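I opened this notebook page to record what I looked up in one protein chain.

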Amino acid sequence: MTLRSLFVDFNSYFASVEQHEVPALRGRPVGVAPVAAETTSLIAASYEAKARGVGTGTMVGDARRLCPGITIVAARPERYVHWHHVLIEAIDHAIPIAHVGSIDEMACELVGRQRQRAEAERIARQVKEEIAKVAPGGAIRCSVGIAPNDFLAKTATDMQKPDGLVVIEQADLPQALHGLKLRDLCGIGASMETRLNAEGIFTVAQLTAASKLVLRRAWGGIEGERMWGLLRGTWLPVAATTRGSLGHSHVLGPELRNPEGALAVLKKLLVKAAMRLRREQLLAGAMAVRIRYVGYDERWEGAVNFEPTDDSRGLLHLLAGMLAAGRVRGRLLPGPARAVPLSVSVTLLRLGERAQTSGSLFAPASDTRQIDAVVDRINTKYGLNKVYFGGMQAALAHDAAPMRIPFNRIPDGASEHEAEGNALWLQSLNRFKAMAEGEHRRRERDRSGARGDKPPSG
């Protein structure tokens, strides 16, 4: 009985929810975009769209070209969160959930006779039946993987989609993995693949044959040994994590690709981050800001350290000082002259719990926390941005930086119509934004090359 994990992965989750709630979309190609704009990239695509070459990261314009007739819908995070909780409850009727990895993935631990293959497969079928009961019609489906650990069970869910059921037993290893590509394995992205290639590892067969020492060297630490064990079916508990940073980023829409628009979005991102600090009883002692420009590979970066705080106004003053120090006189933003801003991000660092952080002896006597608390209460009760800083006006007018759902945490819905207070999709959207930014830069380089222009540089 080597089976210990049953992993559930919902197929094209966001698109599936849209198809379930709008029956007219079932059986038709659907793409989900973070905002209603032709210049952004999709965060999900239905299987009908995937069959036409459309997928996560595809630009909206390209999706329409590849798949004429595709329906593009703006993301509705509140519905995805709602269905997440409904589906969690449904799965719990079949087996308790041990760990929620994201809004569309969860792991269940098999115990006792559940570790027998026949029983594990019966539970997997029951999971699918429970989901069908709460979401009839077949739009919302899942793939189930069963294996000796969560890593392999998650890998198994990707081997058969949609609506798959794959079992990997200890005796199947490592041969069961050899048909995969390196990038098919969770934790191996482009940079990790490059590092593995430098070690002479180009296939999963070579990866599973590599020693602990080689993988430790490739990963640069203990994570390499952890991967070595996971590939062999070792049961390892989920590694505990400690939050070290908190932030937001946003790809600017065409109407905001100017210094004034970019600055307004930066301020909105920072104020939202400050509100999250207060909600989570944290203080930040450093801030990093990044600005990317259309057609430029290099980005402008600035950073500043300060006494731990969660004060919105104080952080906005620090932001203004950082930008002023980095820019040329007479310009609103730092960076290349006449460059068009593409995306902005704000990250708060050196986080510490409020209760364990002593205040500065030189802090102003006036306490701004009462004002921040009143603003937070008003915005939480009546909707974020009912009370806001004037510098955010342009971002609000264009509904910039809308709700984001990272895949590693489920929100309580208390913040903005965005539910951003719990930051449900920050990590995943960072990946989507990087795709969009890369596509924008590639297109700009192609246009410059067609004109015979000198490629821009930072």
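**Entry 1, the largest core.** I began with the largest nonpolar core, which has 38 residues; Leu6, Phe10, Tyr13, Val32, Ile91, Val127 and Ile146 touch the most other members. I took a nonpolar core as a set of buried Ala, Val, Leu, Ile, Met, Phe, Trp, Tyr and Cys residues joined through side-chain atoms within 4.5 Å. Buried stands for under 20% relative accessible area, exposed for over 50%, and partly exposed for values in between (1.4 Å probe, protein chains only). Two or more residues of this core come from each of β1 (5–10), α1, β2, α4 (77–92), β6 (105–109), α5 (117–134) and β7 (142–147). The largest contribution is that of α4, with six residues. I noted another core apart from this one, of 33 residues, with Ala262, Leu266, Ala284 and Leu323 among them.

The model is predicted: local features need pLDDT of at least 70, and side-chain atom pairs count only at pLDDT 80 or more, while totals for chains, interfaces and linings use all residues. Residues are numbered from 1 along each chain as its sequence is written, and side-chain values use heavy atoms, with hydrogens and water left out.

I recorded 15 helices and 13 strands for the protein chain. These are DSSP runs numbered from the N terminus (helices H or I, at least four residues; strands E, at least two). Of its 458 residues, 50% count as buried. The chain exposes about 21,000 Å², of which carbon and sulfur atoms supply 52%; the areas come from the Shrake-Rupley method with a 1.4 Å probe, and for residues only the protein chains shown count as cover.

I then examined an open sheet of three strands, in the order β3-β2-β4 and with mixed pairing. Strands pair here if DSSP finds at least two bridges between them. β3 (44–45) and β4 (71–74) are the edge strands, each pairing on one side only. Strand β2 (residues 30–33) runs parallel to β4 and is joined to it by four bridges. Helix α1 (residues 13–21) packs on the sheet and touches β2, β3 and β4, its direction making about 115 degrees with that of β2. Contact means heavy atoms within 4.5 Å; axes are lines fitted to C-alpha atoms, for helices over the stretch in contact, with angles from 0 to 180 degrees between N-to-C directions.

I found zero disulfides, counting pairs of cysteine sulfur atoms within 2.5 Å. Cys67 is buried at 1% relative accessible area, whereas Cys186 is partly exposed at 41%.
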